[in-house]
Every structure is written in structure tokens, then in C-alpha cells.
Amino acid sequence: MTDIKVRPATLDDADGVNAIYNPFIVSSPATFETREHQTEEREIWISEHQGDPRHPVWVAMLEGEICGFASASAFDPRGAYETSVKTSVFVEPGAGGRGVGKKLYEALFNDLASADVHRAYALIVAPNPASVALHEDFGFVHVSTLSEVGRKFGRYYDVMWFEKRF
């Protein structure tokens with residue numbers, strides 16, 4: 001198997017990140033976004049995360065191509081929430097089961113361990129046993145489920161909230 005490499009995201013990764021994420025927008029309830037991202041939007045998103053120790057973005061490379069990414073973002077823009085982050089990880093379907101998500105989260109949480117982060121939260125659209133297992137492997141615990149909180153593709157979905165303490 002080819003080695004998976006992870007590294008911090010750069011602006012040049014915008015199209016690669018979109019190539020992973022946009023298909024989830026148009027064909028999966030895994031994200032509640034409903035409009036695909038354009039290159040310029042993704043470049044802005046990456047630039048807003050660069051140099052921010054609480055909000056890093058990592059990409060995984062397989063055979064020279066981006067096959068996944070992980071990020072931490074602000075939990076809420078209000079000041080008292082600054083030490084809480086939302087994390088996410090997305091892996092292209094063809095790279096699933098190869099440890100890509102695990103390597104991405106290892107890098108992300110190594111970064112966050114040295115940042116001023118008190119809690120990390122992950123929102124997982126139910127059902128998603130693979131994502132639940134990955135998050136539990138990294139110390140997340142299920143703290144709540146919001147019933148039918150989002151509607152996509154003509155149906156309602158529950159969202160499970162997971163919490164990781166630092």
C-alpha cells in the first residue's frame with residue numbers, strides 16, 4: 001500500500017479540498033451544506049485557518065493527490081467560546097478504510113494539544129457508524145442527539161454531538 005502523507009493545507013490545496021468535499025454536498029447528508037464551494041471561497045477558508053493554532057487544516061496525500069482533509073473551526077463566534085472548536089474530517093470514498101481519517105485526526109489533535117483548546121466537538125449525521133468509531137477512537141463521547149434538526153434531499157436527519165476533553 002502506498003504511504004499516506006499528511007501536511008498542513010496551503011492555498012494551493014483549495015481545489016483538492018473541494019474535490020473531496022463538494023461530492024458530499026451534492027450526494028450525501030454527511031454535511032448539511034447545500035451549495036458547492038468555489039476555489040476562491042475555499043482559498044479564503046484556508047487562509048482564515050492558516051496561522052491560527054486553534055483552527056488548523058490538514059490534508060492527506062495518496063499517490064500525489066489529496067484524498068482527505070481534517071479541520072478545526074470556531075465552535076461559535078462569540079468570545080466566551082474561543083477555547084471550544086468543531087472538528088471534521090472528510091475522506092474520498094476510494095480512500096476509505098486505509099487509515100486516512102486516523103492519520104488526519106492524529107495530526108489535527110497533535111496540533112490542538114498545544115493550542116489553547118479546552119473542548120472539541122464533532123457533529124455526526126446519523127447513522128454513520130464509521131465516523132462514530134473514528135471519533136470514539138480519539139476520545140470523543142456522545143453527549144447529545146438533536147432529532148430531525150436538518151433537512152436535505154427531502155428528508156430530516158438527526159445529528160449526534162460528540163465531545164472531546166483536552
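Let's start with helix α2. Four of its residues, R42, W45, I46 and H49, are buried. Around the helix axis they cover an arc of only 95°, so they sit on the same side of α2. Keep in mind that this is a predicted model.

What do these buried residues pack against? They meet α1, residues 14-27, plus β2, residues 57-62, and β3, residues 65-74. Now turn to the face pointing away from the buried side. There you find E40 and E48, both exposed.

Next, H49. This residue belongs to α2, which spans residues 39-49. Its relative accessible area is 8%, and buried means under 20%, so H49 counts as buried. Its side chain makes a polar contact of 3.1 Å with the side chain of S73. Leaving aside residues up to four places away in sequence, H49 touches H55, P56, V57, A72 and S73. Just after the helix comes G51, with a positive phi of about 75°.

Back to W45. The charged end of R42 sits over the W45 ring, 4.7 Å from its centre. W45 is also part of a cluster: ring pairs link it with Y21, F24, F69 and F90.

How many aromatic pairs does the whole structure hold? The search finds 15. Take F24 and F90. Their ring centres are 5.1 Å apart and their planes are at 65°, so this pair is edge-to-face. F24 lies in helix α1 and F90 in strand β4, residues 84-91, so the pair ties together parts 66 residues apart in sequence. Both F24 and F90 are buried.

The charged end of K164 sits over F109, 5.2 Å from the ring centre.

Methods
Residues numbered from 1 in each chain as written. Predicted model: local features only at pLDDT ≥ 70, side-chain atom pairs only at ≥ 80, totals over all residues. Heavy atoms only, no water. Helix = DSSP H or I, 4+ residues; strand = E, 2+ residues; numbered from the N terminus. Buried < 20%, exposed > 50% of the residue type's maximum accessible area, 1.4 Å probe, protein only. Polar contact = N/O pair within 3.5 Å; in protein donor to acceptor, adjacent residues only side chain to side chain. Contact = heavy atoms within 4.5 Å. Arc of directions from axis to C-beta. Phe/Tyr/Trp six-rings, centres within 6.5 Å; stacked < 30°, edge-to-face > 60°. Lys NZ or Arg CZ within 6 Å of the ring centre and 35° of its normal.
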